[in-house]
Amino acid sequence: QVQLVESGGGSVQAGGSLRLSCVASGDTNGRNWMGWFRQAPGKEREGVVVINRVTGSTAYTDSVKDRFTISPENARNTLVLQMNSLKPEDTAMYYCAATNFFTTARTLLHAPEKFTYWGQGTQVTVSS
């Protein structure tokens, strides 16, 4: 079992920044794929970014490229998402997820069902 705990959400104005953290504990061996997903009210959960903690292979959704940066801090079993230039459309509950499913980053970005472990989420609200 793997436990994931997110933190760092909050309310900011458009153009602001937030830094989300996800701390993993438990049996993290082999759960090399991790990612951030988000879900806004009335919308489906969408992939924001996924990364292989060992190879560094990464895939971002187009709407966050050049604004968000994912950074695995493997020594601390922590996954950080730095979010800059935030927009109102970034408002959502953000979830950290992990899996040992073997595939490509681009495939996993669009396949939240392939992720076995999920955190409880942290709310991000961006006002205009």
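**Figure 1. Burial and overall fold of the predicted model.** Of the 128 residues, 45% count as buried (under 20% relative accessible area; exposed means over 50%, partly exposed in between; 1.4 Å probe, protein chains only). This is a predicted model: local features need pLDDT of at least 70 and side-chain atom pairs pLDDT 80 or more, while totals for chains, interfaces and linings use all residues. Numbering starts from 1 along each chain as its sequence is written, and side-chain values use heavy atoms, without hydrogens and water. The secondary structure comprises 1 helix and 11 strands (DSSP runs numbered from the N terminus: helices H or I, at least four residues; strands E, at least two). Their order along the sequence is β-β-β-β-β-β-β-β-β-α-β-β. The radius of gyration is 13 Å, close to the 14 Å of the globule rule for 128 residues, so the protein is as compact as a globular protein of that length (C-alpha atoms; the rule is 2.2 Å times the number of residues to the power 0.38).

**Figure 2. Arg38 pairs with Asp90.** The two side chains form a salt bridge at 3.0 Å, N to O (a side-chain nitrogen of Lys or Arg within 4 Å of a carboxyl oxygen of Asp or Glu). The partners are 52 residues apart: Arg38 lies in strand β4 (residues 33-39), Asp90 in the loop between β8 (78-83) and β9 (92-99). Both Arg38 and Asp90 are buried.

**Figure 3. Arg67 also pairs with Asp90.** Here the N to O distance of the salt bridge is 2.7 Å. Arg67 sits in the loop between β6 (58-60) and β7 (68-73), 23 residues from Asp90. Arg67 is buried, as is Asp90.

**Figure 4. A network of salt bridges.** Four residues are linked: Arg38, Glu46, Arg67 and Asp90. The whole structure holds 6 salt bridges.

**Figure 5. Asp62 and Lys65 form a salt bridge.** Their closest N and O atoms are 3.1 Å apart. Asp62 is exposed, with a relative accessible area of 59%. Lys65 is partly exposed, at 38%.

**Figure 6. Contacts and charges across the protein.** Among contacts between residues at least 6 apart in sequence, 60% join residues at least 24 apart (contact: heavy atoms within 4.5 Å). The protein carries 12 positive and 10 negative side chains (Lys and Arg positive, Asp and Glu negative; His and chain ends not counted). The centres of the two sets lie 2 Å apart, with charges placed at NZ of Lys, CZ of Arg, CG of Asp or CD of Glu.
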